[in-house]
Amino acid sequence: MIKDPDTIAAIATPVGRGGIGIVKISGNDAFALVQAIFRPLKKDRDTNVGKSRQEKGRRPFEFETHRLYYGHIIDPDGGLPLDEVLLSAMKAPHTYTREDVVEINAHGGAVALHAILRLVLSKGARLAEPGEFTRRAFLNGRIDLTQAEAVIDVINARTQKNLELAAAQMTGKLSDHVVQARSRLIDILTHVEAAIDFPEEVEDFISPENTVKALQKDVLAPLNGLIRNYIDAHVFRDGISVAVVGRPNVGKSSLLNQLVEKDRAIVTDMPGTTRDIIEEILNLQGIPVVISDTAGVHPTENPIEKIGIEKTLTHVNGSDLVLFMIEANCPLDPDDHLIYEKINSKRIIMVLNKIDLIQKDSETTLPDNWRFDDQVRISALYDRGIDQLKDKIIKMAGGQDPIDLKTVIVPNLRHKLLLETSLAAAEALIEQLQNGTSSDLLAVHLQEAINALGVISGDNVKVDVLDQIFSRFCVGK
Ligand SMILES: Nc1nc2c(ncn2[C@@H]2O[C@H](COP(=O)(O)OP(=O)(O)OP(=O)(O)O)[C@@H](O)[C@H]2O)c(=O)[nH]1
Ligand SMILES: [Mg+2]
């Protein structure tokens, strides 16, 4: 891949007010362009290393690598100090991007940081794309692609378990396993290719039985193990989305508030209170659960409500799990049936709310022909049955078994699909070895298995895949 010659810059800290804000610069011109706008302490100017007194007068201030400098950012036009800063200058290759990097630790106000960034850009840097610093770290070989992906997972971590998974991946453990399996396949390919090129010399190039055994032990077993881990634990990485749906006034917003333990959504006794989708994130035993309260679904001519209901139904379609809420204290309404028809292809937990209002023997019964995955009786108002509901959500998410995420490597979906491609090729190879297929055909499947594993850590990965991965980053990382 061709290296980008541009020097890039961005604000690396969140926009807003903060004690410190950082402008980060990476590339060949990083030092030169900062020299034009930074005035260090006089002491540093005077002791500028290795320069004669006359040279110091003429030449720009030179940074020592991996040192912190105190000074001011000066607007060269007016000569006025813009901010008092601490600046770290780091020479390639011992940097995040393996390029020259300068980080300006300024005060964290949005205006000050933008003024410094504008100055840096005016001196020739280009504004960094989202994730471009990390993309350079990958392209320059400092980290592999799984580690780059782990960086964004660390930044986006929503629960402690989320973070543990990402941190484990950042150390490169996943790649270690993949590289081992891939090296084994390359060994076998070398033998197979020798047998193709020199059939006389390498008659019995490798015993098919031993190759099958090696493949099963060193390739199939570890790849299957990683895929298994994905199935068992990816929910701790990816989380699930849960939508609360039901007709107006059944208590959906009350449930959201109870789950997040605050008055997040407006609750009134007037049907049609919620018009928009309200999302919150819950941490259910380490699983990030995005829960959404929705507009009550019913036939209406009110144009605002109509939009809310359309949004609800589209949103429900994209959710992993639906909490279909009805009132336990009164018979089903035709609108409940209408909603059921619209959502019955989803995974459903039936939530029978308002159990505190049930009169003797008057509890709603659910129709025999309704299909759902589980049910729970609650009172959103009086906090009854909420823990049971949480347990059921965790169970449906597949996260009920305690998994020690510190020791388990959990691939993401991209990795899992590539592991499956490699596994299928390795299995086809075993079948061919057992049927005595010719070496040329064996080589095709071997190459396929090797390539798929390579793409996991970033070998021969296509630009559009990189674009997709790094677009999840924020600017400045
Ligand atoms: N007694 C009792 N009242 C409840 C319960 N849950 C909700 N309510 C009441 O039911 C009314 C409607 O509650 P909401 O949470 O606003 O209902 P909703 O489903 O969000 O309604 P829309 O936003 O209009 O679709 C309010 O007066 C709540 O206090 C419950 O468990 N028991
Ligand atoms: Mg509501």
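Helix α6 goes past helix α7 in a left-handed crossing, a term used when the near helix is turned anticlockwise from the far one by less than a right angle (clockwise makes it right-handed). This is a predicted model, in which local features need pLDDT of at least 70, side-chain atom pairs count only at pLDDT 80 or more, and totals for chains, interfaces and linings use all residues. Residues are numbered from 1 along each chain as its sequence is written, while chains are lettered from A and ligands numbered from 1 in the order in which they are written. Helices (H or I, at least four residues) and strands (E, at least two) are DSSP runs numbered from the N terminus.

Two packed helices are described by the angle between their axes and the distance between the axes. Axes here are lines fitted to C-alpha atoms, for helices over the stretch in contact, with angles from 0 to 180 degrees between N-to-C directions. Here are the two pairs:

| Helix pair | Axes come within | Crossing angle |
|---|---|---|
| α6 (residues 145–156) and α7 (residues 160–170) | 8 Å | roughly 155 degrees |
| α8 (residues 173–197) and α9 (residues 208–238) | 10 Å | roughly 155 degrees |

So α6 and α7 are roughly antiparallel to each other, the label for angles over 145 degrees. On the α6 side, T146, Q147, A150, V151, D153 and V154 meet L163, A166, A167, Q169 and M170 of α7; being in contact takes C-beta atoms, placed from the backbone, within 7 Å. By class, that contact has seven nonpolar residues, three polar and one charged. Nonpolar covers Ala, Val, Leu, Ile, Met, Phe, Trp, Tyr, Cys and Pro, charged covers Asp, Glu, Lys and Arg, and the others, Gly among them, are polar.

Likewise, α8 and α9 are therefore roughly antiparallel, and their crossing is left-handed. H177, A181, R184, L185 and I188 of α8 make the contact with T211, A214, D218, V219, P222, L223 and L226 of α9. That set splits into eight nonpolar, two polar and two charged residues.

Now for the ligand. Around ligand 1 sit 23 residues, the closest being G251, S253, T274, G296 and L381; a residue is near when its C-beta atom, placed from the backbone, lies within 6 Å. Helix α10 (residues 252–260) gives the largest share of this shell, three residues. The shell holds seven nonpolar, 12 polar and four charged residues.

On to the backbone. N249, in the loop between β8 (240–246) and α10, has a positive phi near 75 degrees despite not being glycine. Elsewhere, a cis peptide bond links A92 to P93, with omega about 5 degrees. P93 belongs to the loop between β5 (81–90) and β6 (101–107).

Methods. Angles under 35 degrees count as roughly parallel, over 145 as roughly antiparallel, 65 to 115 as roughly perpendicular and the rest as oblique. Two residues are in contact if their C-beta atoms, placed from the backbone, lie within 7 Å.
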